[in-house]
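Trainee: Could you walk me through this model before I set anything up?
Mentor: Gladly, let's look at it together.

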Amino acid sequence: MQDKPKISNVEWGLLIGALFFIDLIQIIIEWLLGWLIIGIIINYIIDILVGMSLLLFLKLKGQKMTDPNRLGWVILTLMIKLVPVVEELPLWGLDGIIKMLRSK
């Protein structure tokens, strides 16, 4: 049984916009505090919180998290965001777009 998309287009737009904004904040933190260990720690904490919050939001909106692809994309995004060289890519926003396209 396939779950019904209970998330409206406006909610998807707001979610994806928020995820891209978080990516932008992380880029700014990396540029300003990247040379300090505190900047790296802050970005790691943000990544973990965003990943858990995204999964919680989707679960509360009725999306089934038992699908390995949904959970796998969040874990893959989180793992890539923890790599120092590519952490500035807007992967959270892209993850939101992928989730929206897969749910429609």
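Mentor: Of the 104 residues of the protein, 34% count as buried, where buried means under 20% relative accessible area with a 1.4 Å probe and protein chains only. Keep in mind that this is a predicted model, in which local features need pLDDT of at least 70 and side-chain atom pairs count only at pLDDT 80 or more, whereas totals for chains, interfaces and linings use all residues. Residues are numbered from 1 along each chain as its sequence is written, and side-chain values use heavy atoms, with hydrogens and water left out.

Trainee: What secondary structure does the protein have?
Mentor: The protein has 4 helices and 0 strands, taken as DSSP runs (H or I of at least four residues for helices, E of at least two for strands).

Trainee: And what does the C-alpha trace span along its principal axes?
Mentor: About 50 × 25 × 20 Å.

Trainee: Switching to Gln26, is that residue buried or exposed?
Mentor: Gln26, which sits in helix α1 (residues 9-33), is buried, with a relative accessible area of 3%.

Trainee: Which side chains does its side chain make polar contacts with?
Mentor: The side chain of Gln26 pairs with that of Asp47 at 2.7 Å and with that of Lys81 at 3.2 Å, a polar contact being a pair of N or O atoms within 3.5 Å, one able to donate a hydrogen and the other to accept it, with residues adjacent in sequence counting only if both atoms are side-chain atoms.

Conventions:
Buried < 20%, exposed > 50% of the residue type's maximum accessible area, 1.4 Å probe, protein only.
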